[in-house]
Amino acid sequence: MLVAENVMKFDAIEPTQGIFNFTKADTLMDYAEANNMKVRGHALLWHSQVPNWVSALPYSEREAALQNHIDKILTRYRGKIHSWDVVNEVIKNDGSGLRNDNETPGTSDYSVWADTPTDDSLIKEAFYRANAVDPNARLFINDYSIEVMGTSKADALYNKIAGWVSQGVPIDGVGFQSHFLQSPAPNITGIRNNIQRYVALGLEVQFTEVDIRINTPADASELASQAEIYGDLIQIVLDYSNVDTFLVWGVTDKYSWIPDFFSGQGAALLFDEAYAPKPAYNTLKNKLQ
Ligand code: G3I
């Protein structure tokens with residue numbers, strides 16, 4: 001399964017209002033089709049990589065812009081996308097509500113897609129619209145630092161989703177981005193407990209952007225413990241029937257977002273900078289065999 005790291009985002013697809021650029025996204029879709037691969041769509045409503053023309057619109061005009069964007073991209077790829085990240089990263093980092101445009105632009109709490117910390121109208125609208133245009137795609141809400149039950153952001157997201165599901169919003173599942181550290185290792189029991197409560201809501205869970213970063217240069221024991229964590233995560237996929245998808249956020253450590261965002265860290269993926277398989281690759285292969 002493929003996912004575009006950047007080329008299906010709002011600023012890539014519709015850099016100018018009403019002018020759509022599908023060239024790179026089409027290339028990815030064609031490659032997937034030629035190689036019998038599925039595709040995840042990423043991402044429709046997200047506070048980042050939003051083009052300037054959207055940010056400049058008054059709040060009241062953003063709904064129509066979002067609807068048109070969803071209509072165009074989902075129509076073009078209708079029937080070809082396995083699952084869409086309809087909504088991405090809407091919960092504030094401290095779990096205290098939704099990112100919104102009353103916060104200071106440029107801070108992590110800011111988003112053009114809500115007017116207040118409780119205004120979820122565009123979030124719900126995005127799901128309804130996506131469901132209307134491509135009813136066969138599985139519709140996801142995706143986020144980071146929401147994987148472990150009992151942590152504030154995870155519980156905040158769960159409570160929001162439980163509310164939307166009870167209102168009938170067409171959500172199929174929750175994406176656990178899973179940008180983890182090799183040390184301290186993620187709390188696997190807490191992840192399993194979290195999945196369990198989404199099972200109870202009738203939702204799927206996907207691991208959507210897995211990487212496990214290490215202070216570089218990584219030594220052999222760090223790579224071994226990274227492999228163990230990858231193994232613990234894939235074991236969850238093997239154990240739960242409502243978890244069937246596991247994507248890593250990149251192929252090789254040579255091309256990864258981590259060193260740009262976390263100075264001194266990297267080596268997070270399955271292949272090293274020379275494309276040699278790492279211990280984590282072998283662990284996943286053994287588990288799947
Ligand atoms: O395309 C420009 C290029 O023209 C310019 O020369 C260069 C100079 O900085 O920047 C290039 O754009 C960069 C873009 O990636 C494409 O490489 C942006 O600066 C950079 O900020 C952007 O980073 C992406 C990031 O999302 C943006 O938020 C990462 O590649 C991408 O891996 C990352 O992915 C996100 C998921 O979408 C959501 N979950 C978290 C994940 C990691 O942050």
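Predicted model: local features only at pLDDT ≥ 70, side-chain atom pairs only at ≥ 80, totals over all residues.
What span should the 18 residues of helix α4 have at 1.5 Å a residue, and how far apart are its end C-alpha atoms?

**View 1**
Helix α4 covers residues 59-76, and at 1.5 Å a residue its 18 residues should span 26 Å. The end C-alpha atoms of α4 are 27 Å apart, which agrees with that expectation. Look next at the buried residues of α4: Tyr59, Arg62, Ala65, Leu66, Gln67, His69, Ile70, Asp71, Ile73 and Leu74.

Asp71, one of the buried residues of α4, forms a salt bridge with Arg129. The closest N and O atoms of this pair are 2.7 Å apart. With Asp71 in helix α4 and Arg129 in helix α5, the bridge links distant parts of the chain, 58 residues apart. Arg129 counts as partly exposed because its relative accessibility is 26%.

Lys80 lies in the loop between α4 and β3 while Glu33 sits in helix α2 (residues 23-34), so the pair ties together parts that are 47 residues apart in sequence. Are the two partners buried or exposed? Lys80 is partly exposed, with a relative accessible area of 46%, and Glu33 counts as exposed at 53% relative accessibility. Elsewhere, Arg138, Glu204 and Asp244 are linked in a network of salt bridges.

**View 1. Asp120 in the loop between β3 and α5.**
Asp120 is placed in the loop between β3 and α5. Its side chain meets that of Lys124 in a salt bridge, with 3.7 Å from N to O. Asp120 counts as buried because its relative accessibility, 16%, is under the 20% cut-off. Which residues does Asp120 contact, leaving aside its neighbours within four places in sequence? They are Leu98 and Trp164.

The largest nonpolar core has 78 residues. Those with the most contacts inside it are Trp84, Ile141, Ile191, Phe207 and Leu233. Helix α8 (residues 220-239) gives the most to this core, with seven residues. Not counting residues up to four places away in sequence, Leu233 touches Phe180, Ile188, Ile191, Phe207, Val210, Ile212 and Phe246. Apart from this core lies another, of six residues, among them Val3, Leu247, Trp257 and Ile258.

**View 2. A nonpolar patch on the surface.**
Val251, Tyr255 and Tyr275 make a nonpolar surface patch of about 340 Å². Val251 is found in the loop between β8 (246-248) and α9 (258-261). With 51% relative accessibility, Val251 counts as exposed, since the cut-off for that class is over 50%.

**View 3. Backbone geometry to check.**
Most residues other than glycine have a negative phi, and most peptide bonds are trans. Where does this model depart from that pattern? A cis peptide bond joins His42 and Ala43, with omega about 0 degrees, and Ala43 lies in strand β2. A cis peptide bond also joins Thr216 and Pro217, with omega about -5 degrees; Pro217 is in the loop between β7 (204-215) and α8.

Turning to phi, Glu89 has a positive value of about 60 degrees although it is not a glycine. Glu89 lies in the loop between β3 and α5 and counts as buried at 9% relative accessibility. Ser145, likewise not a glycine, has a positive phi of about 55 degrees. Ser145 is placed in the loop between β4 (138-143) and α6 (152-166), and at 44% relative accessibility Ser145 counts as partly exposed.

Methods. Residues numbered from 1 in each chain as written. Heavy atoms only, no water. Core = buried A, V, L, I, M, F, W, Y, C linked by side-chain atoms within 4.5 Å. Buried < 20%, exposed > 50% of the residue type's maximum accessible area, 1.4 Å probe, protein only. Helix = DSSP H or I, 4+ residues; strand = E, 2+ residues; numbered from the N terminus. Contact = heavy atoms within 4.5 Å. Expected span 1.5 Å × (residues − 1). Patch = residues over 30% accessible without salt bridge, like charges linked within 9 Å, V, L, I, M, F, W, Y side chains within 5 Å. Areas by Shrake-Rupley, 256 points an atom, 1.4 Å probe, with all protein chains shown as cover. Salt bridge = Lys/Arg side-chain N within 4 Å of Asp/Glu carboxyl O.
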